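Open the structure in your viewer and keep the selection tool at hand. This tour goes stop by stop.

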Amino acid sequence: MAAPEPFRIHVSDDDLTDLRQRLQRARVPDQVGAGQSDPNGAWAYGTDKAALQDYVSHWLTKFDWRQQEAKLNAVPQFTLQVNGLKTHFIHQRSKDTAAIPLLLVHGWPGSFVEFMKLLPLLKKFHVVAPSIPGYGFSEAPKEPGASVVFMAEQLAELMRLLGYTHYVAQGGDWGSIITTQVAGRYPERCVALHLNMCAAIPSTISDFVQVALTMPSWSKEEWDAVRRTQYFMKYETGYQKIQGTKPQTLGYGLNDSPVGLLAWILEKFQSWSDSHGQRPDAPGGSGLTMDEILTNVMIYWSSQSITSSCRLYYETLGLHPSHKEPLQLQPGGYVAVPTGVIWSKAEIIKVPRKVAELRYNIKHWYAPPKGGHFFAFEQPELMAKDLNHFFFEVIDFPTCVQTAPARSSTSQMPLLGATAMVALLVAAVALRLRRSRL
């Protein structure tokens, strides 16, 4: 078995010169002014022109990539062949003899950069933070069909190759879906789960009946969260339709234009983070800086991975007619391992706890007063505190190992497509909301 190879990031001087020239030659289109009545203000049509130009100027005149590169290289990075694909990952070993192995998985349009402020706070964990295949410095799948199921199999194999027979996992965005797959398919290995986006999607008619029965018990905060999710599904998922049907076409533009790539990613950090409608780097907002966001963008630019990252939507959501059967965001049945959830203030997809309990063995539920979709990036201290609390106080890792549920055949059951299920759930909630106003 091949040993992991140490990895260091180095973007060549020629590539940096080419980037600078592209930024200097950028053609930025005009922008229609947004009225005061528009809830999104200057961002109503997408990325605000003034903010974008400010970021481009910062990228050209103040952003120091070599400094950021050195910071990234200060953490131990490796690559390893996993089922024929070279996979990039951070492997931060703890000195604590009771440390717990933790699989830490990012999403889109994030990267391992999201965890840079969190890593120093995870001293009681052996952290494995991979770049999802096709993201950053992990080799992209060469064949069609690389859905979240494929990604889960790859990362479970990575943990096995590293010698971790038992471990826990944490994820947000695609990371939450992938780690759910890992825990659902390999509960004897991944013995506990922590999520900061709990997309507990009903999968059967019985589930929908149970969801309806829980509605009278939903709190005001839970109804507000459902309304926020409904808004997101109706107005903020255009990117899913594009990336889920024509990722290659989109990729030509984003891979060739750093300003286009920045605009595509920046808009998500503005609308998904706890930015209060402002720029994500605004004082009192998400807690992110321009340098942090640009460093994340640089991972996509320097690795030319934006197109392959977008393909995960195509392979998973089943929006294109070439998919004979919709693929799944979750394994069928029940995720039986103990699960903790961060129910953050500005998360884009939120379900009430009783709905989440239909799909997960919820043992911990934390609703922090601040934070958004990129919770580890925005609020690393709160994330670290909750990870330590859940994995060391709420549950007992050795007990979880001893009592781990057996792998169930229900994890392979075909379900109604995830996109269809979300649409049905939103429709059901919309009907309930409409009736409540009558």
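How much of the protein chain counts as buried? Of its 438 residues, 57% do. Buried means under 20% relative accessible area, exposed means over 50%, and partly exposed lies in between, with a 1.4 Å probe and protein chains only.

This is a predicted model: local features need pLDDT of at least 70, side-chain atom pairs count only at pLDDT 80 or more, and totals for chains, interfaces and linings use all residues. Residues are numbered from 1 along each chain as its sequence is written, and side-chain values use heavy atoms, with hydrogens and water left out.

**The whole chain**

Start with the cartoon view. The protein chain has 17 helices and 9 strands. These are DSSP runs numbered from the N terminus: helices are H or I with at least four residues, strands are E with at least two.

Switch to the surface. The chain exposes about 18900 Å². Carbon and sulfur atoms supply 54% of that area. Accessible areas come from the Shrake-Rupley method with a 1.4 Å probe; for residues, only the protein chains shown count as cover.

Now think about contacts, meaning heavy atoms within 4.5 Å.

**Stop 1: Leu118**

Select Leu118. You are in the loop between strand S4 (100-105) and strand S5 (125-130). Leu118 counts as buried because its relative accessible area is 0%. Show what surrounds it. Leaving out residues up to four places away in sequence, Leu118 touches Leu104, Ala376, Pro380, Met383 and Ala384. Pick out Ala376. Leu118 and Ala376 are 258 residues apart in sequence, yet their C-alpha atoms are 6.5 Å apart in space.

Stay in this loop and select Pro109, which is also found between S4 and S5. The peptide bond from Trp108 to Pro109 is cis, with omega near 0 degrees.

**Stop 2: Asp96**

Go to the loop between S3 and S4, where Asp96 is found. Is Asp96 buried, exposed or partly exposed? It is partly exposed, at 32% relative accessible area. Its contacts, not counting residues up to four places away in sequence, are Lys123, Lys124 and His126. Asp96 and His126 are 30 residues apart in sequence and 9.0 Å apart in space, C-alpha to C-alpha.

**Stop 3: two positive phi angles**

Select Asn83, in the loop between strand S2 (77-82) and strand S3 (85-92). Asn83 is not a glycine, but it has a positive phi of about 50 degrees. With 54% relative accessibility, Asn83 counts as exposed.

Then select Asp173. Its loop runs between strand S6 (167-171) and helix H5 (174-185). Asp173 is not a glycine either, and its phi is positive, at about 55 degrees. Asp173 counts as buried, at 10% relative accessibility.

**Stop 4: helices H9 and H10**

Colour helix H9 (residues 247-256) and helix H10 (residues 258-272). Their axes come within 5 Å and cross at roughly 115 degrees. That makes H9 roughly perpendicular to H10. Axes are lines fitted to C-alpha atoms, for helices over the stretch in contact, and angles run from 0 to 180 degrees between N-to-C directions. Angles under 35 degrees count as roughly parallel, over 145 as roughly antiparallel, 65 to 115 as roughly perpendicular and the rest as oblique.

Which residues meet here? Leu250, Leu254 and Asp256 in H9 meet Pro258, Gly260, Leu261 and Trp264 in H10.

Move along H10 to Glu267. Glu267 is buried, at 16% relative accessible area. Beyond residues up to four places away in sequence, Glu267 touches Trp43, Gly46, Thr47 and Glu236. The C-alpha atoms of Glu267 and Thr47 are separated by 5.0 Å, although the two residues are 220 apart along the chain.

**Stop 5: His58**

Select helix H2 (residues 49-61) and find His58 in it. At 15% relative accessibility, His58 counts as buried. Leaving aside neighbours within four places in sequence, His58 is in contact with Phe63, Met290, Asp291 and Leu294.

**Last stop: Ile205**

Finish at helix H6 (residues 205-214), where Ile205 lies. Ile205 is exposed, with a relative accessible area of 68%.
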